[in-house]
Amino acid sequence: QVQLMESGGGLVQAGGSLRLSCKASGTIFSTNAMGWYRQAPGKQREFVASITRGGITNYAGSVKGRFTISRDNAKKTAYLLMNSLKPEDTAVYYCNADILITMSTSRGYWGQGTQVTVSS
């Protein structure tokens with residue numbers, strides 16, 4: 001059983017910063033790519049950022065230059081540092097990870113989400 005546990009969400013004023021964490025636990029051989037998505041009320045879930053096991057990153061255009069994704073492979077944890085937050089960043093943020101549960105089998109997992117609210 002694999003679980004992704006997000007933390008670090010909350011309420012912040014526009015221009016402020018938050019740091020989200022996503023820790024994978026359970027029967028894990030290795031973690032491959034990890035990423036963050038978000039879903040605002042009434043909108044579809046959208047890609048925010050991703051990072052490969054080797055550290056190659058990718059960002060949505062709306063967050064590039066403001067958000068930084070990183071990871072600690074030993075801790076099976078990914079982070080999302082969000083700076084210069086805007087009210088339009090308000091959403092539930094979900095962690096996603098591609099996890100090797102055996103040497104030859106990988107599966108995708110989602111966390112339960114953490115709320116980020118940016119006030120103007």
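Helices (H or I, at least four residues) and strands (E, at least two) are DSSP runs, numbered from the N terminus. Select Arg38 to begin: its place is in strand β4. The model on screen is predicted, so local features need pLDDT of at least 70 and side-chain atom pairs count only at pLDDT 80 or more, while totals for chains, interfaces and linings use all residues. Residues are numbered from 1 along each chain as its sequence is written, and side-chain values use heavy atoms, with hydrogens and water left out.

**Stop 1: Arg38**

Is Arg38 buried or exposed? Arg38 counts as buried because its relative accessibility is 6%. Buried means under 20% relative accessible area, exposed means over 50%, and partly exposed is in between (1.4 Å probe, protein chains only).

Next, show the side chains of Ser62 and Tyr93. The side chain of Arg38 makes a polar contact of 2.9 Å with the side chain of Tyr93. Another polar contact, at 3.5 Å, joins the side chains of Arg38 and Ser62. A polar contact is a pair of N or O atoms within 3.5 Å; within protein, one must be able to donate a hydrogen and the other to accept it, and residues adjacent in sequence count only if both atoms are side-chain atoms.

Now display what surrounds Arg38. Leaving aside neighbours within four places in sequence, Arg38 is in contact (heavy atoms within 4.5 Å) with residues including Gln44, Glu46, Val48, Phe67, Glu88 and Asp89.

**Stop 2**

**Stop 3: the aromatic cluster**

Select Tyr37, Phe47 and Trp110. Ring pairs link these three residues into a cluster. Rings of Phe, Tyr and Trp (its six-membered ring) pair if their centres lie within 6.5 Å; planes under 30 degrees apart count as stacked, over 60 as edge-to-face and the rest as tilted.

How many aromatic pairs does a search of the whole structure find? The search finds two. In one, the ring centres of Tyr37 and Phe47 are 5.6 Å apart and the planes are at 75°, so the pair is edge-to-face. Tyr37 lies in strand β4 and Phe47 in strand β5, so this pair ties together parts that are ten residues apart in sequence. Tyr37 counts as partly exposed at 25% relative accessibility, and Phe47 counts as partly exposed at 26%.

The rings of Tyr37 and Trp110 have centres 5.0 Å apart and planes at 65°, so this pair is edge-to-face. The pair links distant parts of the chain, with Tyr37 in strand β4 and Trp110 in strand β10 (residues 106-110), 73 residues apart. Trp110 is partly exposed, with a relative accessible area of 41%.

The charged end of Arg45 sits over the ring of Tyr94, 3.7 Å from its centre. Arg45 also lies over the face of Trp110, at 4.6 Å from the ring centre. A charge sits over a ring if NZ of Lys or CZ of Arg is within 6 Å of the ring centre and within 35 degrees of the ring normal.

**Stop 4: strand β1**

Go to β1. Its covered face has Val2, Leu4 and Glu6, and its uncovered face has Gln3, Met5 and Ser7. Six bridges join β1 to β3, and the two run antiparallel. Two strands pair if DSSP finds at least two bridges between them. Select Met5 and look across to Lys23 in β3, which stands opposite.

**Stop 5**

Most residues other than glycine have a negative phi. Select Lys76, in the loop between β7 and β8: its phi is positive, about 55°, although Lys76 is not a glycine. Lys76 counts as partly exposed at 28% relative accessibility.

Move to Ser84, in the loop between β8 and β9. Its phi is also positive, near 50°, and Ser84 counts as partly exposed at 40% relative accessibility.

Finish at Thr105, in the loop between β9 and β10. Thr105 touches Ile99 and Leu100, not counting residues up to four places away in sequence.
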